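Reader: I'm new to this one. Can you show it to me and walk me through the side chains?
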Amino acid sequence: MIKKLFVFLICLMISNNAIASSTSSSSEITTVSPVTIIVNPNLSNKYQPGECGNQTVTCNNLIDAMESFMKVATLIPGIPNKEYSMYQQLNLLLTDGIYQFESNSISLFNMNVTMATLTANSNSVIFSGGDSSLTSPLFSISNGNVVDSGLTPSYIQISGIQFQINQTLLNVNTVSSFTDFKISNCQFLNYNNQLASMFTINQGAAIAQLPLENSAIYFTNSTFKSLSTGYSTPLMSFKNTIVKLNTINVSNGLVGNFINATYCTVNVDNGNFNAISTSTGLFSGFDSSISIFMNTFIGNSAVSSNAGGSIINMVSDKINRYYFDLLFSTFVNNSAAGNGGIVSAVNTVQTASETQISYIVNSTFTGSSSYSSFGGVAYLINTPVSIDSSTFGNSTSNIDGSIFYFTNSNLIVTNSTFIYGNLPSPSILKLNRGGVVDTTINYAFYTSGSNITFQSTNMYRVSIDCINSVVIVNTVDPGIVGPNDVQCSSCLLTVGINQAPYCNLPQTSSSSTTSSSSTSSPSTSSTSSTTSPSTASTTSTTSPSTASTTSTTSPSTASTTSTTSPSTASPSTSSTSLTSSTSSTTKTASSSSSLSSTSGTGTSSSSSNSGGGHISLVVASSSSTSTTSSTSSTSSEFQNSTFGLFVIISIIISLTI
């Protein structure tokens with residue numbers, strides 16, 4: 001018996017030692033200390049390669065600093081069950097001075113780097129130089145000519161630095177690996193390169209190669225001024241990237257676009273954009289969603305007659321996914337040569353099944369212009385829009401739609417004001433004659449194959465050119481002089497609350513009610529073209545808060561603490577309930593879809609939006625250490641289960657002796 005007890009105790013001691021050894025080994029891997037290297041470009045220190053960076057012998061440039069780091073760097077494994085690894089954190093502290101482009105161009109691939117000024121709040125760390133005839137970058141994140149495996153993430157943070165360079169600042173070219181790039185309190189001045197963008201991400205990869213949004217870039221509290229890339233080159237070009245701008249100031253530039261985005265999610269918060277001349281708009285997107293929140297745009301222009309939208313120009317070839325938002329923002333004297341003075345949004349899938357709604361909430365538009373084409377404020381093709389608590393004044397277009405131009409793009413307007421257009425007629429409504437556009441009158445609203453509902457809206461000298469559409473104007477005093485002021489062409493028009501329609505669609509047979517989400521077009525939907533006036537009037541006056549049953553949160557709930565819907569938010573209450581978020585804010589969220597990217601794991605995931613609501617975007621910032629809660633939890637479970645197994649084995653061995 002004593003012998004059995006002795007054997008049991010020996011086995012138990014062995015198990016404890018094994019577990020302790022495993023825990024100790026894991027701890028050693030995940031607690032590697034960061035490395036700090038000081039760089040001073042003002043000295044010409046003498047040192048052996050890889051032997052600089054302390055306070056006594058600072059590195060002369062970033063190339064030498066990276067060489068010193070790689071001499072001591074350690075690869076740290078990622079979270080259990082994730083095979084990726086990266087180097088421990090490197091802190092680069094930069095002494096005040098001029099850093100020449102050529103001697104500070106480095107690779108940051110598979111790195112976890114923070115770059116900041118040695119002196120707190122300094123404005124004197126300046127990167128300068130670069131050749132405007134070259135396209136090689138200052139900072140590159142690329143595995144060279146070898147396709148990355150997806151196991152090599154990169155996390156970069158840069159703060160407090162001024163860049164006055166004429167060559168690409170950042171180029172990311174990865175296929176599978178996640179890149180997280182954060183920039184704060186920086187200045188970007190006098191960039192001049194007609195061949196290359198200042199920032200590029202994933203431009204070398206084919207769309208089919210890339211997972212959805214495998215990179216993220218953030219700009220916070222930064223300034224862009226005096227920019228020149230010519231009309232053929234965007235300042236920033238991103239593909240499959242999460243883009244977030246918060247509290248930035250942009251002024252005086254001539255660029256192709258400020259941002260050109262393909263398969264991206266772009267959020268712009270609390271910014272000022274003044275006097276930027278572009279070819280096809282500040283934000284140009286293909287199959288991308290663009291949200292503007294609490295920004296001011298003054299005197300910006302898009303000069304290309306082939307594509308309009310001085311602020312947003314977006315094209316999509318998919319339905320029920322992409323959208324634009326203009327939320328709590330101000331637009332003054334912005335213009336485009338092409339269609340849409342502020343926004344041009346075209347879905348090339350010409351169907352009436354688009355249910356992804358774009359929102360304009362608590363925004364003001366003054367002096368918007370499409371000076372050569374359609375849509376003084378917006379040109380919309382198969383793009384449903386909800387407008388709430390917004391004001392439109394003195395917008396113009398060269399042809400039709402001095403405010404809005406719609407084709408298969410349904411509109412719901414609540415609590416808003418329209419003041420004048422480029423209209424000679426004092427009547428609130430004047431419809432087209434026999435479908436023929438009167439070139440002497442540019443109608444405020446041009447609508448074809450669409451449903452439009454105005455609720456609690458003030459309209460002064462606003463007219464509508466209506467073709468094969470349904471128009472509901474629910475105002476107590478619509479201001480119509482008489483039936484002679486209204487002429488119809490395949491349109492259903494109802495003016496005033498509980499009033500009989502002024503004119504009807506041709507009645508062919510009884511039909512079902514119009515879709516409550518107002519996404520069916522009369523020109524393409526048999527149910528809309530045969531709807532009786534009384535039924536259409538009832539269903540088309542649904543407020544935005546109930547019009548789409550799939551959308552559970554409106555754009556005015558950009559703050560996670562606000563639950564106000566667009567139709568019920570008055571200007572006075574909405575502005576106080578909505579707050580700006582500079583971190584992981586869920587904007588215009590929907591229960592029907594979620595898009596997330598977690599930089600801690602280097603992965604991104606998405607689900608297609610089935611309609612109504614918007615994509616939920618949550619981005620987690622990177623950690624400077626490799627130990628995570630999931631690691632500790634997994635380790636604890638492993639220890640418990642392993643200890644129990646050793647106890648059982650010990651008992652069995654002791655009993656069999």
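Author: What follows is a short chat about side chains and their contacts. Keep in mind that this is a predicted model.

Reader: Start with cysteines. How many disulfides does the structure hold?
Author: The structure holds 1 disulfide. Cys52 is joined to Cys59, with 2.0 Å from S to S.

Reader: Which hand does the disulfide of Cys52 and Cys59 have?
Author: The disulfide is right-handed, because the torsion about the S-S bond of Cys52 and Cys59 is about 95 degrees.

Reader: Are Cys52 and Cys59 buried or exposed?
Author: Cys52 and Cys59 are both buried. Cys186 counts as buried too, at 1% relative accessibility. So does Cys264, at 2%.

Reader: New topic. How many salt bridges are there?
Author: The structure holds 5 salt bridges. One of them brings together the side chains of Asp180 and Lys182, at 2.5 Å from N to O. Asp180 and Lys182 are both buried.

Reader: What about Lys244? Which residue does its side chain meet in a salt bridge?
Author: Asp269, at 2.9 Å from N to O. Lys244 is in strand S18 (residues 241–255) and Asp269 is in strand S20 (residues 265–269), so this pair ties together parts 25 residues apart in sequence. Lys244 and Asp269 are buried as well.

Reader: Which residues are linked in a network of salt bridges?
Author: Asp287, Asp317 and Lys318. Within that network, the side chains of Asp317 and Lys318 meet at 3.2 Å, N to O. Asp317 is partly exposed, with a relative accessible area of 36%. Lys318 is partly exposed too, at 35%.

Reader: Let's switch to rings. How many aromatic pairs are there?
Author: The structure holds 30 aromatic pairs. Among them is the stacked pair of Phe163 and Phe188, with 5.5 Å centre to centre and 5 degrees between the planes.

Reader: Where do Phe163 and Phe188 sit in the chain?
Author: Phe163 is in strand S11 (residues 162–165) and Phe188 in strand S14 (residues 187–189). The pair links distant parts of the chain, 25 residues apart. Phe163 is buried, with a relative accessible area of 2%. Phe188 is buried, at 0%.

Reader: And why is the pair of Phe374 and Tyr405 called tilted?
Author: Because the planes of the Phe374 and Tyr405 rings are at 55 degrees, with the centres 4.7 Å apart. Phe374 lies in the loop between S33 and S34, and Tyr405 in strand S38 (residues 404–407), so the pair ties together parts 31 residues apart in sequence. Phe374 counts as partly exposed at 22% relative accessibility, while Tyr405 is buried at 10%.

Reader: Now the surface. Which residues form a nonpolar patch there?
Author: Tyr231, Leu254, Val303 and Tyr371. Together they have about 330 Å² of accessible area. Tyr371 is in the loop between strand S33 (369–370) and strand S34 (378–381). Tyr371 is partly exposed, with a relative accessible area of 43%.

Reader: Last one. Where does Pro234 lie?
Author: In the loop between strand S16 (215–230) and strand S17 (236–239). Pro234 is buried, with a relative accessible area of 15%.

Reader: What does Pro234 touch, leaving out residues up to four places away in sequence?
Author: Ser197, Thr229, Gly256, Asn257 and Asn260. Pro234 and Ser197 are 37 residues apart in sequence, yet 5.8 Å apart in space, C-alpha to C-alpha.

Note on methods: Residues are numbered from 1 along each chain as its sequence is written. This is a predicted model: local features need pLDDT of at least 70, side-chain atom pairs count only at pLDDT 80 or more; totals for chains, interfaces and linings use all residues. Side-chain values use heavy atoms; hydrogens and water are left out. A disulfide is a pair of cysteine sulfur atoms within 2.5 Å. Buried means under 20% relative accessible area, exposed over 50%, partly exposed in between (1.4 Å probe, protein chains only). Helices (H or I, at least four residues) and strands (E, at least two) are DSSP runs, numbered from the N terminus. Contact means heavy atoms within 4.5 Å. A salt bridge is a side-chain nitrogen of Lys or Arg within 4 Å of a carboxyl oxygen of Asp or Glu. Patches are made of residues with over 30% relative accessible area and no salt bridge: like charges are joined within 9 Å, nonpolar side chains (Val, Leu, Ile, Met, Phe, Trp, Tyr) within 5 Å. Accessible areas come from the Shrake-Rupley method with a 1.4 Å probe; for residues, only the protein chains shown count as cover. Rings of Phe, Tyr and Trp (its six-membered ring) pair if their centres lie within 6.5 Å; planes under 30 degrees apart count as stacked, over 60 as edge-to-face and the rest as tilted.
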